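Here's a quick briefing to read with the sequence and the model side by side.

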Amino acid sequence: MIHEYPEIYESFKCVGGKCPDSCCIGWEVDIDEESYYYYMTVKGDFGERLKKSMKEEDGERFFPLNENGRCPFLNSENLCDIYSNLGEDRLCTVCTEYPRYYEVVGDYEQIDMSLSCIEYGKLYFDDKRIKSYKRTDDGLGGEKLSFLKRRKREKCLRLRDSVIDFIEAYEGNTITDFIADTVNEFINRAAALKVPGYKNLKRSISSGTDFKEYDTSGLNSLMKSLEVLDKRWTDVTEGVDEILSRFSACEGKYLSNTDNNTIFLYKKLMTYFVFRYTIETYFSDDVNMPLGIIEKSMYYIYIMCISYYYRDERNSGIDTFTDLCHIYSREVEHSDDNLNLLWRA
């Protein structure tokens with residue numbers, strides 16, 4: 001099996017109770033079947049606590065959040081009582097894997113980590129390389145794909161890699177031009193490679209310097225229609241509402257404070273989205289799926305940065321950028337419904 005992942009994947013370590021925004025707050029914890037049946041065998045007071053805490057709806061088992069929006073096993077020190085009482089190997093699969101994610105296509109596995117984990121975000125944006133991916137082969141093989149499926153997979157991976165090459169070499173001057181030029185490169189390369197759905201490719205946002213108030217307003221309306229997973233998301237969309245009538249002036253003020261490091265952060269962010277979502281073309285048979293997510297995500301995080309800079313000019317560094325990407329990822333990337341809205345809008 002071939003595994004491909006960012007090199008910094010190997011450096012990541014969860015900081016546990018020191019995390020400023022625990023993944024055990026705000027999200028219900030899904031319980032996989034193996035964990036569920038094990039928890040049902042646990043004896044004593046802790047076993048009773050486990051059984052009382054588990055809920056089932058529509059065939060899905062989970063730990064619902066308590067009244068403070070916390071996992072019922074997250075203690076006052078922001079540490080996990082299941083980990084403390086039963087050991088790391090008895091955590092639910094979703095807890096042991098987060099923030100990692102895996103996409104397997106035959107004998108190839110793409111591995112990445114989510115920017116919804118702020119600790120990973122710090123690691124990712126501190127890395128000064130655009131192309132920092134590693135391939136390994138464990139020699140164990142994998143599912144055999146037909147010739148046509150292998151060909152489709154390779155087209156998707158070639159599209160991904162060629163766009164990341166473009167990002168690395170890009171030397172444009174403005175953030176909106178960079179986003180637009182990269183999206184155009186994505187479209188052109190998808191057409192040249194004839195990836196699934198390439199004939200229906202379309203942009204949904206004005207390009208480059210033509211990015212105007214109506215794009216901002218339309219994107220914010222779309223983002224306000226998402227299922228709200230975190231109350232901070234409402235703060236984000238309301239903050240954007242504040243600048244809609246003066247977007248050009250706010251944008252100009254924000255851009256006057258940007259430098260090469262700021263543009264580099266957007267290049268890193270674009271690389272993250274391209275690496276993560278291009279492979280979804282293989283499963284959806286529609287290259288509009290990753291394109292819609294990449295384009296709207298890049299522009300909206302750009303708008304978020306302008307909005308936060310308008311509120312406080314100190315909100316322009318890497319820490320704020322990392323946090324905004326973290327908020328966006330928590331809201332969008334952990335809901336299939338929200339991702340589908342971005343794809344189809």
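How many salt bridges does the count come to? The count comes to 20 salt bridges, and keep in mind that this is a predicted model. As a reminder, side chains of opposite charge can pair when their charged atoms come close.

**Aspartate 21 and arginine 232**
- Aspartate 21 and arginine 232 form a salt bridge, with 2.7 Å between the closest N and O atoms.
- This pair links distant parts of the chain, 211 residues apart: aspartate 21 sits in the loop between β1 (2-6) and β2, and arginine 232 sits in helix α9.
- Aspartate 21 counts as buried because its relative accessibility is 15%, and the cut-off for buried is under 20%.
- Arginine 232 has a relative accessible area of 23%, so it is partly exposed.

**Lysine 224 and aspartate 241**
- Another salt bridge joins lysine 224 to aspartate 241, and here the closest N and O atoms are 3.0 Å apart.
- Lysine 224 belongs to helix α8 (residues 213-224) and aspartate 241 to helix α9, so the pair ties together parts that are 17 residues apart in sequence.
- Both ends are partly exposed: lysine 224 has a relative accessible area of 47%, and aspartate 241 is at 31% relative accessibility.

**Lysine 253 and glutamate 313**
- Lysine 253 forms a salt bridge with glutamate 313, and their closest N and O atoms are 2.8 Å apart.
- Since lysine 253 lies in helix α10 (residues 247-255) and glutamate 313 in the loop between α13 (288-311) and α14 (318-332), the pair ties together parts that are 60 residues apart in sequence.
- Lysine 253 is partly exposed, with a relative accessible area of 44%, and glutamate 313 is partly exposed too, at 43%.

**Helix faces**
- Back to helix α9 (residues 231-243): its buried residues are Trp233, Val236, Thr237, Gly239, Val240 and Ile243.
- Looking down the axis of α9, you'll find those buried residues within an arc of 155°, so they line one face of the helix.
- In helix α15 (residues 336-344), Asn338, Leu339, Leu342 and Trp343 are the buried residues.
- Around the axis of α15 these cover an arc of only 140°, which puts them on the same side of the helix.
- Asp336, Asp337 and Arg344 are exposed, and they sit on the face of α15 turned away from its buried side.

**Surface patch and aspartate 30**
- Glu28, Asp30, Glu57, Asp58 and Glu60 form a negative surface patch.
- One of these patch residues, aspartate 30, has its place in strand β2 (residues 29-30).
- Aspartate 30 counts as partly exposed because its relative accessibility is 46%.

**Serine 284**
- Serine 284 is found in helix α12 (residues 280-284).
- With a relative accessible area of 26%, serine 284 is partly exposed.
- Serine 284 and leucine 123 are 161 residues apart along the chain, and 31 Å separates their C-alpha atoms.

Technical notes. Residues numbered from 1 in each chain as written. Predicted model: local features only at pLDDT ≥ 70, side-chain atom pairs only at ≥ 80, totals over all residues. Heavy atoms only, no water. Patch = residues over 30% accessible without salt bridge, like charges linked within 9 Å, V, L, I, M, F, W, Y side chains within 5 Å. Areas by Shrake-Rupley, 256 points an atom, 1.4 Å probe, with all protein chains shown as cover. Salt bridge = Lys/Arg side-chain N within 4 Å of Asp/Glu carboxyl O. Lys, Arg positive; Asp, Glu negative; His and termini not counted. Charge placed at Lys NZ, Arg CZ, Asp CG, Glu CD. Helix = DSSP H or I, 4+ residues; strand = E, 2+ residues; numbered from the N terminus. Buried < 20%, exposed > 50% of the residue type's maximum accessible area, 1.4 Å probe, protein only. Arc of directions from axis to C-beta.
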